[in-house]
Amino acid sequence: MISCAEAVRQLWEYLDATVDPARRAEIDDHLSLCARCCGELEFAVEMRRLLADSGGPELPEDVRGRLNRKLKELE
């Protein structure tokens with residue numbers, strides 16, 4: 001089984017569904033047995049919700065353009 005440090009280190013990728021299926025299964029197994037890491041997961045889920053609901057201002061057009069160009073470079 002993976003360690004708590006490994007599970008916590010990959011929680012954001014786990015939530016984004018960007019970990020490979022084998023690693024996801026390892027994290028699922030760990031979370032099924034570890035109350036501490038389940039708490040970390042709950043915190044991450046709540047943090048994502050708060051960030052999504054923050055309703056912050058729209059990105060300025062120049063920033064949005066630079067971000068989109070950078071994302072295309074990474075594809």
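Helices α3 and α4 (residues 35-53) have axes that come within 6 Å and cross at roughly 110° (axes are lines fitted to C-alpha atoms, for helices over the stretch in contact, with angles from 0 to 180 degrees between N-to-C directions). That angle makes α3 roughly perpendicular to α4, a term for 65 to 115 degrees. The model is predicted: local features need pLDDT of at least 70 and side-chain atom pairs count only at pLDDT 80 or more, while totals for chains, interfaces and linings use all residues. Residues are numbered from 1 along each chain as its sequence is written, and side-chain values use heavy atoms, with hydrogens and water left out.

**Packing of α3 and α4**
- The crossing of α3 and α4 is left-handed, meaning that the near helix is turned anticlockwise from the far one by less than a right angle.
- From α3, the contact (heavy atoms within 4.5 Å) involves H30, L31 and L33, and from α4 it involves A35, C37, C38 and L41.
- By class, this contact of α3 with α4 has six nonpolar residues, one polar and no charged.

**Confidence**
- The protein chain has a mean pLDDT of 90, and 97% of its residues reach 70 or more; pLDDT is the predictor's confidence in each residue, from 0 to 100.

**Surroundings of Q10**
- Q10 sits in the loop between α1 (4-9) and α2 (11-15); helices are DSSP runs (H or I, at least four residues), numbered from the N terminus.
- Leaving aside neighbours within four places in sequence, Q10 contacts V19, R23 and I27.
- The C-alpha atoms of Q10 and R24 are separated by 9.3 Å, with the two residues 14 residues apart along the chain.

**Salt bridges**
- The whole structure holds eight salt bridges (a side-chain nitrogen of Lys or Arg within 4 Å of a carboxyl oxygen of Asp or Glu).
- D16 forms a salt bridge with R48, with the closest N and O atoms 2.5 Å apart.
- Because D16 lies in the loop between α2 and α3 and R48 in helix α4, the pair ties together parts that are 32 residues apart in sequence.

Methods:
Helix = DSSP H or I, 4+ residues; strand = E, 2+ residues; numbered from the N terminus. Parallel < 35°, antiparallel > 145°, perpendicular 65-115°, else oblique. Nonpolar A, V, L, I, M, F, W, Y, C, P; charged D, E, K, R; others polar.
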